[in-house]
Amino acid sequence: MSAAPGSLSTAPRPVRLDEEGLPFESDATSGAGVAPHAAEIEARMGIVIVGHVDHGKSTIIGRLLADTGSLPEGKLEQIKDLCARTSKPFEYAFLLDALKDERAQGITIDAARVFFRTPKRRYLILDAPGHVEFLKNMVTGAARAEAALLVLDAGEGIQENTRRHAYLLSMLGVRQIAVLVNKMDLVGGSQAAFDAFARDLTAFLGSVGLEPAAIIPVTGRDGDNLATRSATMAWYTGPTVLETLDAFRSQGEAVDGPFRMPVQAVFKFTNDGDDRRIVAGTVESGRVRVGDEVVFHPSGKRARVKSLEGFNRVAPSDVEAGESAGFTLAQQIYVTRGEVATLVHEPQPVSATRLRASVFWLGQRPLEVGRSYTLKLGTARVSVHLEHIERVLDASTLEAVTDRTAVVRNEVADCVLRLRHPIAFDRAADLAATSRFVLVDHFSISGGGVVRDALPSLEPRHGADGADAAVALRPAVLWLTGQSGTGKSSLARWLAARAAGDGARVELIDDDAVGELFPAPATRAERDLRVRRLAWLASRLEAHGAAVIVAVGSPDEEARRYARELAADFVEIHLHAEPDVIARRAVAGVADPYEPPVQPELALDTGRLTIDDAGAQVLAWLEEWSTR
Amino acid sequence: MTPTLATQPQPRASRMDHLDRLEHRSVHLLREAYASFPQLAMLWSIGKDSTVLLWLARKAFFGHVPMPLVHIDTSFKIPEMIRYRDRLAAEWRLTVIYGQNEEALAAKQTFPDGNVDRLTCCGLLKTEALRRTLSGEGTRYRFDHTLGRYVVDTNREPYTGVIVGARADEEGSRSKERYFSPRSGENNWNIADQPPEFWNQYATEFAPGTHVRIHPLLDWTELDIWEYIERERIPTVALYYDQGTGERYRSLGCYPCTKAVTSDAKNVQEIIVELKSGRFANIAERSGRAQDKDDGGGLEALRREGYM
Ligand SMILES: Nc1nc2c(ncn2[C@@H]2O[C@H](COP(=O)(O)OP(=O)(O)O)[C@@H](O)[C@H]2O)c(=O)[nH]1
C-alpha cells in the first residue's frame, strides 16, 4: 500500500466510525447515500481482498468506495485537495489510509471495518491491506469472509504472495473467489495478454483446489470493470467486479452434514437449586433432536437426548448447525469438555493420537521438529509434539521442499503431529469444520492447520526375525467376553505376550491373575460387583497409559456396559463358537445364562479360527482402529 | 498437498435470523470464556450493552450467571443507575462487585470537584479504579444476598479473564478489537500486534501477570442491541427513555459529563423507530459524553490504558 502524504495522518479531528464503520464527524454533512440505519436490515457480506503487495488492493478498495457512493461527502475532494497542496499525485489508495487512520501515525489498523454498498447489499471488507503482519490479519479476516477477491498485477503476473494467499484461501475454506487481473493499462488492455494470464491462473488455482467464479481484467486506478464496464476493453464480456460480488451467495450453515457438537462444558448449577446436568456446545454441523442417541468421542460413551434446554424461550425440539445448544441425557454418563457429540447412525469422526496435517505458520519463532505445542481443535486441547516435517511448500514455486526441520513464518507445510492423548476430529476431505485446528506456542496462536489423515499409533517393532515383532498397544480397555470355553483366557495371554515389547505398558486381568483377591462369585449379585470392581481397576490403569486386556467371566450385558462407560477407549471383543465346540471345551457344571454383546467392536468365531489367526485379527483391527 | 473440499456438505441458509446469529455467537464466546478462565469477571456498567451481555450470560448458562459482575462506581453515576443495579442483583441473584478509586475520591481529585480536567478524572475514577479492582489491589465490595448490602469481598485474586460489552461500531478504536484480546498486566493493549483469530479459536492462554479481555458483543450494532432488548424484553434503566422532558440518554455515564439528547422516544419500540429513521446518522452514540471531545485521540489512548 502506498504511503499517504504525511499531512493526512495528522488530521486535527478524531475519526468516529458510525454504525457502518464509515467515519463521521459530528459537524460533517450527511454521508453520501449511506444512512447508517437504513430502514431495512440487509444482510452484509464479509469479503477479504488479498494479493501480492503493490498489485493494487488499496487502490481497488478506494475506487470501490468512491464508485459506489460509500464515502462521506467531500472526502474525495478533501484528499484530492490535500494531494494538490502537497504536490503529490492523487492515489485512490490514500482514501483507505485516510478512512482507517487519520490520527494514529504509522499504526496499521487491522480488521478495520470498511463498508461499501451496491443496490443489492452491503459489503464489509474484513481486512484492509497493510504490510505489517498482513498474513495474520488476512487469516483473521478470511476465516470469517464469505468471499474473496484475489488481486494481481498484469505487469508482474503471479507472484509469491499470489500463490501463498490463494493457498491459504483454499485452506481456510473460502469458496467464492474472484480474481482481478489489475493494471490492465500496463499491457495496453490486451486481450491476448489477459487470456494467457487467465489460462495460467486457472491451472494454478486448480492445483490448490480453487475454482474462481470469474477472472476479470480491471484497471483499478481508472475503475475499469469494477463498478462500471470498461470502455477500453470492450472485448471483455464477462461480469464486472460488483456484478460478480452480487452474484455470490451468503454461505449459511452446514445444516445437512452429520451431527457434530464439540462439548464446551457440562453444567450443573446445584448450588442454585438446579439439578439439570446440561451438556453444552455449539453445533458445528448437522442437527440433533430430543430422543436421538448420541455418541461422545473419543470416549465412545452413548446416551439418549432427554431434553433440549434454553433460557427465556420455548424449549426447542431440535438444534442445528450454527446454534448454541444444551441438552440433558437420559442415562448418567460422564463426559467432559473436548469430546465431540455425534449421532449413532451417522458417519463418525476419527480418534487418534498421531495425525498428518497441513499447517500454516504465523509465529515469530519457527515451528520446529521435536518441540511441543498446544493443539486446539473444536473444544479439545492437547499437547502435541512435532514429529516430522514431510514437506514445506515453497511459496514462490509451489514446489515441495522435503528436508526441513523447521517451518518459518508465513510458510505452509505438511507434517506429522503426535498427541499426548487421543482427540476426535474429521479428515479435511470429509468435514472441514471439525478438521481445523490451531497451534499455540508460548501463549499465542501461532499457526493453523487441517487434519489430512489419522496415522497409526501402533508402531510395529521389528524383532530379530521380523516375524515375532512385538506391538505397542495404545491405552485402552480390551474386554474379552464369551461363554465359558470360547478361549478368552488363551487369547488374552496370547495378546499380552505379543504386546509386551519394551516400553509397552500392558496389563492382563484374567481369572488367574486376580486369583483369590477377587474370588469366583457364587451369585449373580456377587458376579456383578466383581465385574464392576475389575472394570474400575481397568479404567484406572488405562487412564495411566496402559493397554488393559480383561478376560473374566462377564456374561451380563449390563455389567459390561458399566465397564464401557468407565473406560476412555473400550474395545469389546466377543468370542463365540458353535455349541458343540463349547460343549467339548467347557468345564462341566458351569451353566450361567450368557447375554451376548449387542454391539461388540469385534466378534471372532474361535471354533473356526486358530489362536494365532484370532490374535492376528485382533491386532489388525486395533491397527485399523487407531487410524480411524 | 491439494486441499480437497469437494465432498463437503454444502452449507445452506439456516433458520437463524440476524439476532439469532448474534445471540448464538455471543453465547459461544461466553461459554469459551467461562471454560478458559478460572478467575473470570464480567464488567457491568449498568448501560444497555453490558445489560444485554448479562442477559446473554443467562442464556449461555441456562438462567444462571456463574461469574461476578464488576461495576466501577465513580460515585458520580446517576443515582437511578445504582438503584437499578441493586434491584437486578437481588432479583436475579447476581454476584455483584463494585470498586472505586477511594484515594482520588478522598483527595477530591475529580472534575466535578473542579481539581482536574475531564480526561484526568476519567483516568482516575474509571481507568485506575478498574485496574485496581481487577488486580485485587483495590478493595472489592460484594453484594451479600442475606444481608441485602455490600460487604468487603475476601477474594483478592486478580481476574485473568474480563468480559466486556464493547461493540466494534461504537467508536473508531473499538473496531480494531478481537473477541479475545490479550492485555498486559498494566492493562496495555498492543493495537499493532494483535493475535490472529480464526476458526472459533481464541487467545485463551495468557502469560503470568497478563489478562485477556473478552468481547462477546463485538459484532452487535446499537440497533441490534435495542432490537434484542425488545425481543427478549430485557429490563433497562428508565434514563434511556423520554419521561416527559423531551430528552433521553443515549449512552449512560457520570452525570457531570453525560448529556441527554433531544428525543421523545418513550419506549424501546420508539427508540428503534428513531434509530432506523437515521436521525442520529451523523451523531456519534457517545457524543453525549463530554470526555470524548476533549482531545484528538483521547478515547483510544484511554482504551490502550484499559478504559472501557
Ligand atoms: N498503472 C496502474 N497502476 C495502478 C493501478 N492500480 C493501482 N496502481 C498503482 O499500484 C501501486 C500500488 O497500489 P496499492 O493499491 O497501494 O497496492 P496494495 O499494496 O496492493 O494495496 C500504486 O502506486 C497505484 O497507483 C492500475 O490499474 N494501473
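The structure is a predicted model. Chain A has an average pLDDT of 83, and 84% of its residues score at least 70. The sheet in chain A is open and has 6 strands, and the helix pairs lie in chain A and in chain B.

**Confidence in chain A**

- Residues 1–42 of chain A have a pLDDT that stays under 50. For this stretch the model has 122 contacts beyond four places in sequence.
- The pLDDT is also below 50 over residues 458–468 of chain A, a stretch with 18 contacts in the model beyond near neighbours in sequence.

**The sheet of chain A**

- The strands of the open sheet follow the order 4-5-3-6-7-8 in chain A, and their pairing is mixed.
- Strand 4 (114–117) and strand 8 (214–217) of chain A stand at the edges; each has a single partner strand, so one side of each is left without a neighbour in the sheet.
- From one strand to the next, the twist averages 25°.
- Strand 4 of chain A and strand 5 (residues 122–125) of chain A run antiparallel and are joined by 4 bridges. Opposite Phe115(A) stands Leu124(A), which belongs to strand 5 of chain A.

**Helices on the sheet**

- Helix 5 (residues 160–172) of chain A packs on the sheet, where it touches strand 3 (44–51), strand 6 (147–153) and strand 7 (176–182) of chain A. The direction of helix 5 makes about 170° with that of strand 6 of chain A.
- Helix 6 (residues 191–207) of chain A lies across strand 6, strand 7 and strand 8 of chain A. Its direction runs at about 150° to strand 8 of chain A.

**Helix 8 and helix 13 of chain A**

- Helix 8 (residues 488–499) and helix 13 (residues 611–626) of chain A pack at an angle of about 60°, and their axes are 10 Å apart. That angle makes helix 8 of chain A oblique to helix 13 of chain A.
- The crossing of helix 8 of chain A past helix 13 of chain A is right-handed.
- Helix 8 of chain A contributes Ser490(A), Leu491(A), Trp494(A), Leu495(A) and Arg498(A) to the contact. From helix 13 of chain A come Ile611(A), Asp612(A), Ala614(A), Gly615(A), Ala616(A), Val618(A) and Leu619(A).
- The residues of this contact comprise 8 nonpolar, 2 polar and 2 charged.

**Helix 10 and helix 11 of chain A**

- Between helix 10 (residues 524–543) and helix 11 (residues 557–566) of chain A the packing angle is about 15°, with the axes 9 Å apart.
- Helix 10 of chain A passes helix 11 of chain A in a crossing that is right-handed.
- On helix 10 of chain A, the residues Asp528(A), Val531(A), Arg532(A), Ala535(A), Trp536(A) and Ser539(A) meet Glu558(A), Ala559(A), Tyr562(A), Ala563(A) and Leu566(A) of helix 11 of chain A.
- This contact divides into 7 nonpolar, 1 polar and 3 charged residues.

**Helix 1 and helix 6 of chain B**

- In chain B, helix 1 (residues 18–36) and helix 6 (residues 222–232) pack at an angle of about 95°, their axes being 11 Å apart. Helix 1 and helix 6 of chain B are therefore roughly perpendicular to each other.
- His18(B), Leu19(B), Asp20(B), Leu22(B) and Glu23(B) form the helix 1 side of the contact in chain B, while Asp224(B), Glu227(B), Tyr228(B), Arg231(B) and Glu232(B) form the helix 6 side.
- Of the residues in this contact, 3 are nonpolar, 1 is polar and 6 are charged.

Terms used:
Residues numbered from 1 in each chain as written. Chains lettered and ligands numbered in written order. Predicted model: local features only at pLDDT ≥ 70, side-chain atom pairs only at ≥ 80, totals over all residues. Heavy atoms only, no water. Axes fitted to C-alpha atoms, helices over the stretch in contact; angles between N-to-C directions. Helix = DSSP H or I, 4+ residues; strand = E, 2+ residues; numbered from the N terminus. Parallel < 35°, antiparallel > 145°, perpendicular 65-115°, else oblique. Left-handed = near helix turned anticlockwise from the far one by under 90°. Contact = heavy atoms within 4.5 Å. Nonpolar A, V, L, I, M, F, W, Y, C, P; charged D, E, K, R; others polar. Pairing = 2+ DSSP bridges. pLDDT = per-residue confidence, 0-100.
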